[in-house]
Amino acid sequence: MFMALIGSDRFIRRRFRCVKVIDISGDASDGFRQVASIDANMVEAWHVAWHPEGGHIAGCSHQARVHTWDSDSGELLDSFSTVEKGKGLDKRMVMCLQYSPTNPLHLATGSSNGSVSIFDLSRLHAPSGPSVSTPVHAFPGHANTARALQWMTPEVLVSAGDDRVVAVHDCRAKNAAVAALAGGAPGGAGGGRGGGRGGGGG
């Protein structure tokens, strides 16, 4: 069981608690070189993403936490909870994540409770002000687990979930999905429809 992501001339392979960074710039016939092997220190590493400027990897897990590592040394750089302090125990799992391609300090996450959030990483070491665990955007997301994220523009984020809905989120709007496309039942006619978040269910 593994997952591969392409990032410049390297890909990341995720296997249980270990994240491996492989350099694929050479000739495949000579074999690829492992750059780093990272002990993810998680129950499982569900998803990993490259920082848009390179050099860093973010990963997420069962534990509602996000970790970032140096992709060359494997050193843990930062770790934070996606659950705000004082909100009690939350058993959500962070299932997917994606850096904003134009603002690397903004990291989007999708969770097992269907929520889609954007966190401001500049808050990680801020001496005062809001906690990094307080999202700058918290969208309604999905009725079930949010599985995938993709930035379409610097302001528009798309998410897909187990509810067979693809939701379009405009970061300029007030924490609301601006459109939802609902897929049909497996094996059915499919058919999508646009509209507000209330139209999604599948």
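The questions and answers below go through a predicted model, from its confidence to some of its strands and loops.

This is a predicted model, in which local features need pLDDT of at least 70, side-chain atom pairs count only at pLDDT 80 or more, and totals for chains, interfaces and linings use all residues. Residues are numbered from 1 along each chain as its sequence is written, and side-chain values use heavy atoms, with hydrogens and water left out.

Q: What pLDDT does the protein chain average?
A: The term pLDDT stands for the predictor's confidence in each residue, from 0 to 100. In this chain 63% of the residues score at least 70, while over residues 1–8 the pLDDT is below 50, as it also is over residues 186–202. The protein chain averages a pLDDT of 74.

Q: Which strands stand at the edges of the open sheet formed by four strands?
A: Strands are DSSP runs (E, at least two residues), numbered from the N terminus, and two of them pair if DSSP finds at least two bridges between them. The four strands of this open sheet follow the order β9-β10-β11-β12, with antiparallel pairing. Each edge strand has a single partner, so one side of it is left without a neighbour in the sheet; these strands are β9 (94–99) and β12 (137–139).

Q: Which residue of β11 stands opposite L107?
A: Strand β10 covers residues 106–111 and strand β11 covers residues 116–120. The two run antiparallel and are joined by five bridges. Opposite L107 stands F119.

Q: What is the phi of R164, in the turn of the hairpin formed by β14 and β15?
A: Most residues other than glycine have a negative phi. R164 is not a glycine, and its place is in the loop between β14 (156–161) and β15 (165–170), a hairpin with three residues between its strands.

Q: Is H51 buried or exposed?
A: Buried means under 20% relative accessible area and exposed over 50%, with partly exposed in between (1.4 Å probe, protein chains only). H51 lies in the loop between β5 (45–50) and β6 (56–61), and its relative accessible area is 13%. Because this value is under 20%, H51 is classed as buried.

Q: Which residues is H51 in contact with, leaving aside its neighbours within four places in sequence?
A: Contact means heavy atoms within 4.5 Å. Once the neighbours within four places in sequence are left aside, the contacts of H51 are H56, Y99 and P104.
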